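This report is a guide for a reader who is meeting the structure for the first time. Please keep the sequence and the 3D view at hand while reading the sections that follow.

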Amino acid sequence: MPITGLYGPDDFANRPQGQVTNSVTDDVASRLTASPRAAPARAGSTLPMPSLEWTSEVEHATAPLYERVKHVIPPIEWPLMAPTIKAINELKQARGAVILAHNYQAPEIFHCVADVGGDSLQLAMEATKVKAGIIVQCGVHFMAETSKLLNPDKTVLIPDSRAGCSLAASITGADVRLLREKFPGVPVVAYVNTSAEVKAEVDICCTSSNAVQVVESLNAPTVIFLPDRYLATYVASKTDVKIIAWKGACEVHERFTGEELRELREADPSVQIIAHPECPPDVLAEADFTGSTAHMINWVREKRPRRLVMITECSMADNVRAELPDVEMLRPCNLCPHMKRITLAGILDSLVTLGEEVTIDPALAIRARRSVERMINLKN
């Protein structure tokens, strides 16, 4: 069924002063330029910067790693990356650190330095199993916050605290409280792509992998689902639960259109198209399969299409092609500027300096942790 209500900042006359803007876009932009809470490097914690020269030793040590990415990284570029990759892998051992990387990270990160890779749900679940004392989160800031929520006694680092998210920036904890006032008694589900402040105000979190399951687990006739309007629309199409949505959107996925997908099919009727549910409905209508990043990857592994378009962030297509070089990846795709703030150089700097550390107010963290743990503990 269609969503039954769609709300945004401009729909609340009593929104707290300083948060009222002329448009949702303006509001998102202002919050994306604000620095999230991240602590500087600790005094006395810095290690010497390792040598980053391309040598025969580096070439030999990193040769097995290049085999993983040789189909997506040209040989001429590898000598520029390999010394940093070798240094990162040695430093994470010295620091007792683990690197978690989202599917949207570049191949040299995802395949060559990450210990764990996956979508938001996979990374959240793996974060609870981490034994290392230091977590380096290669993803955007809300992901690092989620790891910190689940590992309050561990050090969580993000290589660049400016790595934000248009979805997380589209809504505040105050907005959630106003929604609760408008719809008393209606449970609230927050996409994991939200800040800890928002997670503290909701009943349960979800990811695109389990959104329908989470909504139906509440056994309520109506659910508030935030902040992604397009994921909410997709969920509403898969359940009889009435969905009240927020006007947020992913700046990467909302740029795709059904028209460009139709043009791709006209050019090659044999092409397969798979899309992320953060895309607009006209895009999903043209897709052969819709699913989370993890579901999309599993679909490709199972189907092994000859020619494929992945309607999501560009680096995921590169990561899949590195694993499955027989699948020809066609564009379009859109880059996430925030994911691309995470670089090999930034990861190395984090391990050298132990910066930037993600911190969350303990009282806020207790409340936010409940909604994340409730999602993780949800039985299939």
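Predicted model: local features only at pLDDT ≥ 70, side-chain atom pairs only at ≥ 80, totals over all residues.

What surrounds Ile347, once its neighbours within four places in sequence are left aside? The contacts of Ile347 are then with Ile88, Ile99, Ile109, Val113, Val136, Cys138, Pro159 and Ile342.

## The sheet of five strands

An open sheet is formed by 5 strands in the order E1-E10-E9-E7-E8, and the pairing within it is parallel. Because strand E1 (5–7) and strand E8 (204–206) stand at the edges and have a single partner strand each, one side of each is left without a neighbour in the sheet. From one strand to the next, the twist averages 25 degrees.

## Helix H11

Helix H11 covers residues 229–237, and its buried residues are Tyr230, Leu231, Ala232, Tyr234, Val235 and Ala236. These buried residues pack against strand E7 (188–191), strand E9 (222–226) and strand E10 (242–246), and also against helix H10 (211–217), helix H13 (281–286) and strand E12.

Which atoms come within 2.7 Å at the start of H11? There, a side-chain oxygen of Asp228 reaches to within 2.7 Å of the backbone nitrogen of Tyr230, and Tyr230 is one of the buried residues of the helix.

## The sheet of four strands

Another open sheet consists of 4 strands, again with parallel pairing, in the order E12-E11-E13-E14. Strand E12 (289–290) and strand E14 (328–330) have a single partner strand each and stand at the edges, so one side of each is left without a neighbour in the sheet.

Within this sheet, strand E11 (residues 272–275) pairs with strand E13 (residues 307–311) in the parallel sense over 4 bridges, and Gln272 has Leu308 in E13 as its bridge partner. E11 is also joined to E12 by 2 bridges, the two strands running parallel, and here Ala275 stands opposite Thr290 in E12.

## A crossing of two helices

Two packed helices are described by the angle between their axes and the distance between the axes. For helix H6 (residues 141–150) and helix H17 (residues 362–376), the angle is about 95 degrees and the axes lie 9 Å apart, which means that H6 is roughly perpendicular to H17.

Which residues meet where H6 and H17 come together? From H6 there are Thr146, Leu149 and Leu150, and these meet Ala365, Ala368, Arg369, Val372, Glu373 and Ile376 in H17.

Methods
Residues numbered from 1 in each chain as written. Heavy atoms only, no water. Pairing = 2+ DSSP bridges. Buried < 20%, exposed > 50% of the residue type's maximum accessible area, 1.4 Å probe, protein only. Contact = heavy atoms within 4.5 Å. Polar contact = N/O pair within 3.5 Å; in protein donor to acceptor, adjacent residues only side chain to side chain. Axes fitted to C-alpha atoms, helices over the stretch in contact; angles between N-to-C directions. Parallel < 35°, antiparallel > 145°, perpendicular 65-115°, else oblique.
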